[in-house]
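Got your viewer open and a hand on the selection tool? Load the model below, and we'll walk through it stop by stop.

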Amino acid sequence: MRMTERSSDLAGAAGSNGDTSAAASRLAQVWAAVINGTSYVSMSQDEVVDYLGGLSTRIFEILTGDPFNARPAWDIGVDLVDSHFTSSATLERSIALLGDEVRQTMPELSVERLSAVQGAIAGGYGYALRQRTLHEQEAIREAVLDAREQAEAALRASEARFRALFTEAAIGIGLADVEGKMLDANLALQQMLGYSLEDFRAYHLHEFLHAGDPESTHEAYRQLTRGDREFFRAEKQFFRSDGDSVWTNLTVSLVRGPGGEPQYQLAMMEDVTDRHQLQDRLRYQALHDPLTGLANRALFLDRLARVFNRPEPDRRVGLCFIDLDGFKVINDSLGHHIGDELLVAVAKRLTSTVAPNDRLVARLGGDEFVLLAERSTGTEQLIEMGDQVLDVLTEPIRIGGHQLSVSASVGIVERPVIAGGSGDLVRDADVTLYWAKAEGKSRWALFDPDRNAREVARFRLSATMPAALEREEFYVDYQPLVALADGRVIAVEALVRWQHPEHGLLAPDRFIGLAEETGLIVQLGRWVLEHTCKQARRWSDEFGDDAPFVSVNLAARQSRDPALVSDVEAILRKTGLRAGQLQLELTESAVMGTAEDQTSALRKLYDMGIRIAIDDFGTGYSNLAYLRRLPVHELKIAGSFVEGLRVAGKPDPVDEQIVGALVTLAHALGLTVTAEGVETAAQAERLRDIGCEAGQGWYFARPGPPAAINRLLAAQRRR
Ligand code: C2E
Ligand code: CA
Ligand code: CA
């Protein structure tokens with residue numbers, strides 16, 4: 001049994017220490033009352049309360065432990081027996097009481113934890129009792145051996161001692177001859193199995209063995225009858241004359257004659273049926289979900305661990321992780337009662353998809369289920385299972401007058417057992433389930449190691465970004481925007497780079513999207529803006545009116561940042577840059593179809609005198625009518641439209657018309673146009689003829705450090 005679980009399951013369950021100690025002393029009081037008289041102990045009632053108080057404190061510590069570990073509860077069971085609590089009734093009542101009390105004082109505590117602790121206590125109790133019985137049995141065996149070995153004179157006394165032990169013993173004792181033919185049975189044994197002495201005498205010992213006994217018991221008995229072993233012990237099931245089952249702790253010993261030859265077989269047994277059933281029940285509870293009766297998470301993890309513990313060479317294993325779509329809505333709107341019934345119905349349908357062996361259906365908690373193929377024949381089989389799951393859920397489920405349509409998302413992983421551990425398998429199934437959800441639910445997704453590796457790499461990169469920003473691993477390159485009429489540098493665009501200590505130089509495409517997802521873009525963007533404005537101020541100081549304005553990219557998320565306007569104002573103030581020397585580039589989607597307050601932020605920046613450009617114009621969806629109401633100065637035409645103008649003399653007529661139309665439109669709205677991605681002289685020429693004001697691209701200059709811009713500006717001044 002797996003006895004650990006995530007501690008978060010317990011969040012809020014354990015009260016403060018004060019609550020726990022109050023609960024423990026209350027438990028001790030009730031406990032002492034409940035077991036009073038069930039076992040003979042030589043303690044006063046106050047001493048019992050005191051003693052149980054100690055145990056109760058330990059129990060609460062175990063229940064609320066983090067990490068959870070039920071093993072020490074075993075010792076509590078042992079402790080009880082050592083303190084002479086030795087009856088099944090004591091155990092049964094203790095376990096039942098513990099369940100009631102804990103459910104009352106800690107309603108949030110998981111059933112699995114409680115059952116695991118109950119199971120461990122019962123286990124320890126049973127174990128210690130059995131040890132005690134074995135000691136008793138040993139005493140009797142020694143008396144028998146003594147009886148044989150005593151001298152003639154002492155024989156009678158010894159026999160009397162044996163007789164007394166035999167008749168009065170609370171445990172069942174049977175004596176058989178060397179063949180196993182029953183000779184004698186004491187009263188306890190007659191009552192235990194429901195046979196009279198006459199009935200017994202018609203039996204051979206071996207007739208009490210049956211197919212349900214483990215092979216080890218059969219083998220031990222064969223060895224004993226051959227004289228190859230002196231005794232054996234087993235927990236063994238017997239069937240009474242009325243057919244009922246009795247579980248016993250059994251010891252069978254060989255009694256040898258004076259010459260050492262086997263003479264008798266002596267069987268001694270204690271009835272442990274109550275304890276056995278209780279332990280069975282607790283074991284079942286600890287491993288099953290009370291609502292649906294399916295295996296629970298503990299059993300699932302246990303079965304999975306078994307698959308991986310002794311990996312066989314060609315063995316494969318597969319999982320379908322199942323999560324119902326929109327279960328929360330049903331639960332919240334129709335009530336938990338309906339939600340519970342729905343889960344039960346789903347559990348039934350899922351069970352119907354699997355053959356009873358080799359596949360386990362478990363409920364992991366909430367609306368999460370799993371199908372485990374402990375011996376998968378291949379990916380095909382798991383996909384088929386995934387299809388079946390979707391299939392059995394298509395029919396609406398009728399509950400209390402409602403027709404409920406449910407669907408599920410399924411994450412499938414299938415692989416050779418030797419390819420990893422059970423933890424990897426579960427984690428990958430979880431990731432894959434998330435893919436199925438993200439791709440639109442009501443479907444299965446199959447684990448893809450490449451995709452997973454990419455996502456993990458992306459995740460790692462995004463996790464290291466904040467530290468990278470602090471360590472100044474980012475820097476900015478600048479690329480000129482050149483006037484097509486006279487070739488002068490009128491502006492430079494700031495393009496951020498990441499000098500990554502492991503991955504080397506990273507282009508913005510590798511990290512800008514990530515930064516947008518995590519929100520770090522706001523900080524990163526602010527850093528780029530300030531860094532660029534400082535540089536712009538230097539150019540302004542050195543080149544005066546000939547200094548270019550700087551153009552800084554603004555991510556959509558930044559443009560929605562409420563602090564945008566005040567951030568920009570603060571940076572301008574700090575760097576002493578004039579507003580007219582700064583341009584902000586926004587994509588179409590960031591500008592169009594935006595909320596009022598966002599346009600008003602743009603409007604404020606515009607009114608401050610900052611230039612606003614629309615980046616990559618023509619690649620997004622633009623509402624042209626809307627464009628005229630926006631505070632914008634410039635359109636930057638995406639490089640893809642400029643491509644068709646590469647080759648001198650034969651421009652692509654469609655691209656040429658598009659660029660022409662965009663330029664006409666821009667001019668009609670009073671905007672200037674910069675064409676991006678200009679790589680050839682032919683493109684620069686065509687663009688100038690079409691009427692573009694400026695161009696940007698490798699033909700003029702690649703992005704580079706400020707020093708490269710300095711050289712361009714200095715050369716320009718000389719001209
Ligand atoms: P963008 O704003 O369209 O920037 C122009 C990109 O085209 C730059 O790529 C530039 O190096 C590249 N380029 C320039 N001339 C040519 C040419 O002649 N041919 C070709 N094929 N490409 C040329 P880069 O630097 O890799 O930047 C990629 C994108 O990353 C930028 O596209 C921009 O959207 C984004 N980005 C860069 N820096 C920042 C930043 O500081 N903030 C934000 N939010 N985004 C940024
Ligand atoms: Ca840009
Ligand atoms: Ca662009």
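Before we start clicking, here is a word that will keep coming up: buried means under 20% relative accessible area, exposed means over 50%, and partly exposed is in between (1.4 Å probe, protein chains only). This is a predicted model, where local features need pLDDT of at least 70, side-chain atom pairs count only at pLDDT 80 or more, and totals for chains, interfaces and linings use all residues. Residues are numbered from 1 along each chain as its sequence is written, chains are lettered from A and ligands numbered from 1 in the order in which they are written, and side-chain values use heavy atoms, with hydrogens and water left out.

**Stop 1: ligand 3**

Strands (E, at least two residues) and helices (H or I, at least four) are DSSP runs, numbered from the N terminus.

Buried or partly exposed: which is Glu 676? At 12% relative accessibility, Glu 676 counts as buried, and Asp 616 is partly exposed at 30%.

**Stop 2: ligand 2**

Now pick Asp 615, which coordinates both calcium ions, ligand 3 and ligand 2, 3.7 Å apart. Glu 493 belongs to strand E14 (residues 489-500) and Glu 585 to strand E17 (residues 582-587), so the pair ties together parts 92 residues apart in sequence. Glu 493 is buried at 4% relative accessible area, and Glu 585 is buried at 1%.

**Stop 3: ligand 1**

Show what surrounds ligand 1, using a cut-off of one heavy atom within 4 Å. That gives 20 residues, and Gln 479, Arg 497, Asp 615, Glu 679 and Trp 698 are the closest. Next, look for polar contacts: pairs of N or O atoms within 3.5 Å (within protein, one must be able to donate a hydrogen and the other to accept it, and residues adjacent in sequence count only if both atoms are side-chain atoms). A side-chain N or O atom of Glu 679 is 2.5 Å from a nitrogen atom of ligand 1. A backbone N or O atom of Trp 698 lies 2.8 Å from a ligand oxygen atom, and a polar side-chain atom of Asp 616 is 3.4 Å from an oxygen atom of ligand 1.

**Stop 4: strand E11**

Jump to residues 407-416, strand E11, where eight of the ten residues are buried. Strands pair if DSSP finds at least two bridges between them. E11 runs antiparallel to strand E6 (residues 316-325) over ten bridges, with Cys 320 opposite Ile 412. E11 also pairs in the parallel sense with strand E12 (residues 444-446), over three bridges.

Methods:
Donors are N, O and S atoms within 2.8 Å of the metal (3.2 Å for Na, K and Ca); water is not among the atoms, so sites may look incomplete.
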